[in-house]
Amino acid sequence: MAEQPEIEAAADNAAPARPTPLGIYDKPKPQTVTGIEVVAIALSVLWLLGAVVFFVVLPQDPQGAGGGSADGLRFLMTMLAVFMPVAMIWVAATAARASRVMREESQRLQTAIDGIRQAYIAQQQGHGLQSGSSSVARKLDEIATTARKTETALATFQSRREEQARKAPQVAAVPADDQPTLALGTQAADLAPMLSNDDFIRALNFPETAEDEVGFAALRRALKDRSAAQLVQAAQDVLTLMSQDGIYMDDLRPDRARPEIWRQFGQGARGRPIAPLGGIRDRSSLALTNARMKQDPIFRDAAHHFLRRFDKTFAEFEERASDGEISALADTRTARAFMLLGRCAGTFD
């Protein structure tokens, strides 16, 4: 029996520490009687005692002058004098208690807002990525899967370019004829066939998967066209940078603009007349992109370079494209990147 307290003390010391309660985030339990009610009760009792002593000690009218009306008026004044101050005391007590509860709720709300703000900032800085929530883990898995697909596509593009670059020196190493040729300024790009609108649109949307042979074929043909290749490269750069923040064009659902507005943009219109082109409404993507453009000079330069290339290339495309082809181009990943970056850069303001 003497060892029982020692065993209990050792068990208490060995037990894991209880997690810290949320404290101010918990809903407070209302107190039945507070200091305000105590003061109100004391003042009420004091006033009632004073009223009783006053009216008991107060002498009665020996002559009975005034009759029944005077007695009625005296009774009314007596009730008002007794109970009116008591009612005022409790009204003041109720108001004081409500004010105190409002102050406490305001403090809890402000603390909760500060906590949410700090959690958001920490998440943006990368400190909240270790969450054990299943929904967050599932979202991260989806982002990783999409990123792997993008990396596979980009790796395929790079490998094909490196293969072409390795073949170029071999062609240049072939011995020339004894009779030198005249350099007339004709380049291989000038001899290449003109890129069709369908291939141009499909290239701007990029291959869907690593097995999208039609998409890769259109992309190879687009890379042989100088203007289209510059736009494709600029789009790859900004899409890769935005994917680092979890922004993917497939997740965006922009508002569609009429082909006439796209034509106005291609013909040089800017500002409010082409505002419907900025149809991206996703607040998180806009906020992340705005912050990245302000804080990351590399991303900002890549975004502005992409916007310039899209502006110039679309102006050429608009002259030969039909309304249906313009609508198809507006639904590509490159066009969605233009809508998002254009809103952040103020193109539609």
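Student: Let me start with one residue. Which residues does Arg333 touch, not counting residues up to four places away in sequence?
Tutor: Keep in mind that this is a predicted model. Arg333 touches Leu204, Asn205, Phe206, Pro207, Glu208, Leu239, Met249 and Asp250.
Student: What does the side chain of Arg333 reach at 3.3 Å?
Tutor: The backbone oxygen of Phe206.
Student: And is Arg333 buried or exposed?
Tutor: Arg333 counts as buried, because its relative accessibility is 12% and the cut-off for buried is under 20%.
Student: Which helix does Arg333 lie in?
Tutor: Helix 13.
Student: Let me zoom out. How many helices and strands does the protein have?
Tutor: There are 13 helices and 0 strands. Read along the sequence, the pattern is α-α-α-α-α-α-α-α-α-α-α-α-α.
Student: What share of the residues counts as buried?
Tutor: 28% of the 349 residues.
Student: And what about contacts between residues at least 6 apart in sequence: what share joins residues at least 24 apart?
Tutor: That share is 79%.
Student: Back to helix 13. How does helix 11 pack with helix 13?
Tutor: Their angle is about 120°, and the axes are 10 Å apart. The crossing is left-handed.
Student: Which residues make that contact?
Tutor: Helix 11 brings Phe299, Ala303, His304, Phe306, Leu307 and Phe310. Helix 13 brings Thr334, Ala335, Ala337, Phe338, Leu341, Gly342 and Ala345.
Student: How many of them are nonpolar, polar or charged?
Tutor: By class, the contact of helix 11 with helix 13 has 10 nonpolar, 3 polar and no charged residues.
Student: What about helix 6 and helix 11, at what angle do they pack?
Tutor: Helix 6 covers residues 197-205 and helix 11 covers residues 297-320. They pack at about 145°, with axes 12 Å apart. This crossing is left-handed too.
Student: Which residues meet there?
Tutor: Asn197, Phe200 and Ile201 in helix 6 meet Thr313, Phe317 and Arg320 in helix 11. By class, that contact has 3 nonpolar, 2 polar and 1 charged residues.
Student: New topic. How many residues are in the largest nonpolar core?
Tutor: It has 49 residues. Those with the most contacts inside it are Met242, Trp262, Phe306, Phe310 and Leu329.
Student: Which helix gives the most to this core?
Tutor: Helix 8, with 9 residues. Other elements giving two or more residues include helix 7 (213-223), helix 9 (259-266) and helix 12 (323-330).
Student: Take Phe310. Leaving aside its neighbours within four places in sequence, what is Phe310 in contact with?
Tutor: Leu231, Trp262, Phe265, Leu329, Thr334, Ala335 and Phe338.
Student: You mentioned helix 7. Is Leu219 buried or exposed?
Tutor: Leu219 sits in helix 7. It is buried, because its relative accessible area is 2%.
Student: How far apart are Leu219 and Pro207 in space?
Tutor: 7.9 Å, C-alpha to C-alpha, and 12 residues apart in sequence. Pro207 is also one of the residues Arg333 touches.
Student: Last stop, Phe55. Where does Phe55 lie?
Tutor: In helix 2, residues 35-57. Phe55 counts as partly exposed, because its relative accessibility is 25%.
Student: And what is Phe55 in contact with, neighbours within four places in sequence aside?
Tutor: Thr78, Ala81 and Val82. The C-alpha atoms of Phe55 and Thr78 are separated by 8.3 Å, and the two are 23 residues apart along the chain.

Definitions and conventions: Residues are numbered from 1 along each chain as its sequence is written. This is a predicted model: local features need pLDDT of at least 70, side-chain atom pairs count only at pLDDT 80 or more; totals for chains, interfaces and linings use all residues. Side-chain values use heavy atoms; hydrogens and water are left out. Axes are lines fitted to C-alpha atoms, for helices over the stretch in contact, and angles run from 0 to 180 degrees between N-to-C directions. Helices (H or I, at least four residues) and strands (E, at least two) are DSSP runs, numbered from the N terminus. A crossing is left-handed if the near helix is turned anticlockwise from the far one by less than a right angle, and right-handed if clockwise. Contact means heavy atoms within 4.5 Å. Ala, Val, Leu, Ile, Met, Phe, Trp, Tyr, Cys and Pro count as nonpolar, Asp, Glu, Lys and Arg as charged, and the others, Gly among them, as polar. A nonpolar core is a set of buried Ala, Val, Leu, Ile, Met, Phe, Trp, Tyr and Cys residues joined through side-chain atoms within 4.5 Å. Buried means under 20% relative accessible area, exposed over 50%, partly exposed in between (1.4 Å probe, protein chains only). A polar contact is a pair of N or O atoms within 3.5 Å; within protein, one must be able to donate a hydrogen and the other to accept it, and residues adjacent in sequence count only if both atoms are side-chain atoms.
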